[in-house]
Amino acid sequence: MIGALFGVLAAFSWGGGDFVGGIISRRLPTFFVVAASQAVALLILIPVAALSGQPMPDSDTALTTALAGVTGGTGVLALYHGFAHGRISIVASIAGSLAAVIPVAVAAAGGEALSALRIVGFLFAIVAIVIVSTSADTSAAHAGEPGAHKDASSGAAPLGGALYGLLAGGCFAGFSLIFSGIEAPGTLWLLTGLRVASVSALVAVFLISRLIGKQPPGAEPIRAGAIPATLRGRLLLFGTLAAAGSGDTLGNLFFLLSAQESGVAVAAVFTSIAPVTTVLFAALILRERIGRRQAIGIGLAGVATVAIALGGLS
């Protein structure tokens, strides 16, 4: 049961952090938001890890952690870009469905035994996420249109941002499979390594793109007035970026603990509920309407969570 609890905590941490990051990406370039939020999280992690006294990972573990960090960072970039230019419910739900399906399929192919109740829970979770994604309300006004929320999507992404959801989901599944296989002490250093790798990769992409005269993906010019002129406004922006980065980091921590307790298949499906939390945040804060089918999908996700948790007791 403790593994299930860690998985749910990871889902809410990732869901909240992704929502905050996606909203900022509707005001600022996605590339800037991802790099800045993860850099802020890194600045917090380094002194905490140094003061913890935990051992640093060996070279092989560090390399695996770096690969996971780059893979996960790519997924976050795709997710935020989809949130900025598509529909949150579509992008988040498609990403979640892939992040659940791929690790479970890999675990089953590897011979991991799944109880009947847990299989039902897995299927319910996947069906729930698909229902939420295919029943999104596409009638909401986009940025600049009458009645649009001040943080409404630009609507520029085709298919509501579904392609970005596919890319993000594939990356998140890859992250789950890579990171969950790490068995080493020094959890705080592992989290620090994730952020070092993702921030370094983003900086490298930015510099290489500039050297060859190209614009990095999601690195549009910052529009006038996007960065507050007042000290209070800038501190608020810094705090928001820190919240996005911290949500992602806490999600990684809880996911690792969940995978160590209950296995990657269970951890992946529990954390795949994160898109549902993101959709709820969008409904409550952005007033994105949740239709009847979406409500059914969210209810199924709750049933799936209970079924997976109970299935793990046998």
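**Exercise 1. Classify the packing of helix 3 and helix 6.**

Helix 3 and helix 6 run roughly antiparallel to each other (angle over 145 degrees). The model is predicted, so local features need pLDDT of at least 70, side-chain atom pairs count only at pLDDT 80 or more, and totals for chains, interfaces and linings use all residues. Residues are numbered from 1 along each chain, and side-chain values use heavy atoms, without hydrogens and water.

Step 1. Take the axes of helix 3 (residues 59-85) and helix 6 (residues 162-179): they come within 8 Å and cross at roughly 160 degrees.
Step 2. Assign the hand: this crossing of helix 3 and helix 6 is left-handed.
Step 3. Sort the residues of the contact between helix 3 and helix 6: 13 are nonpolar, 9 polar and none charged.

**Exercise 2. Describe how helix 1 meets helix 3.**

Step 1. Helix 1 (residues 2-24) packs on helix 3 at about 55 degrees, with the axes 8 Å apart.
Step 2. Helix 1 crosses helix 3 in a right-handed sense.
Step 3. List the contact (heavy atoms within 4.5 Å): helix 1 gives Gly17, Asp18, Phe19, Gly21 and Gly22, and helix 3 gives Leu79, Tyr80 and Phe83.
Step 4. By class, this contact of helix 1 with helix 3 holds 4 nonpolar, 3 polar and 1 charged residues.

**Exercise 3. Summarize the whole protein.**

Step 1. Count the elements: the protein has 11 helices and 0 strands (DSSP runs of at least four residues for helices and at least two for strands).
Step 2. Check burial: 52% of the 314 residues are buried (under 20% relative accessible area, 1.4 Å probe).

Notes:
Axes fitted to C-alpha atoms, helices over the stretch in contact; angles between N-to-C directions. Parallel < 35°, antiparallel > 145°, perpendicular 65-115°, else oblique. Left-handed = near helix turned anticlockwise from the far one by under 90°. Nonpolar A, V, L, I, M, F, W, Y, C, P; charged D, E, K, R; others polar. Buried < 20%, exposed > 50% of the residue type's maximum accessible area, 1.4 Å probe, protein only.
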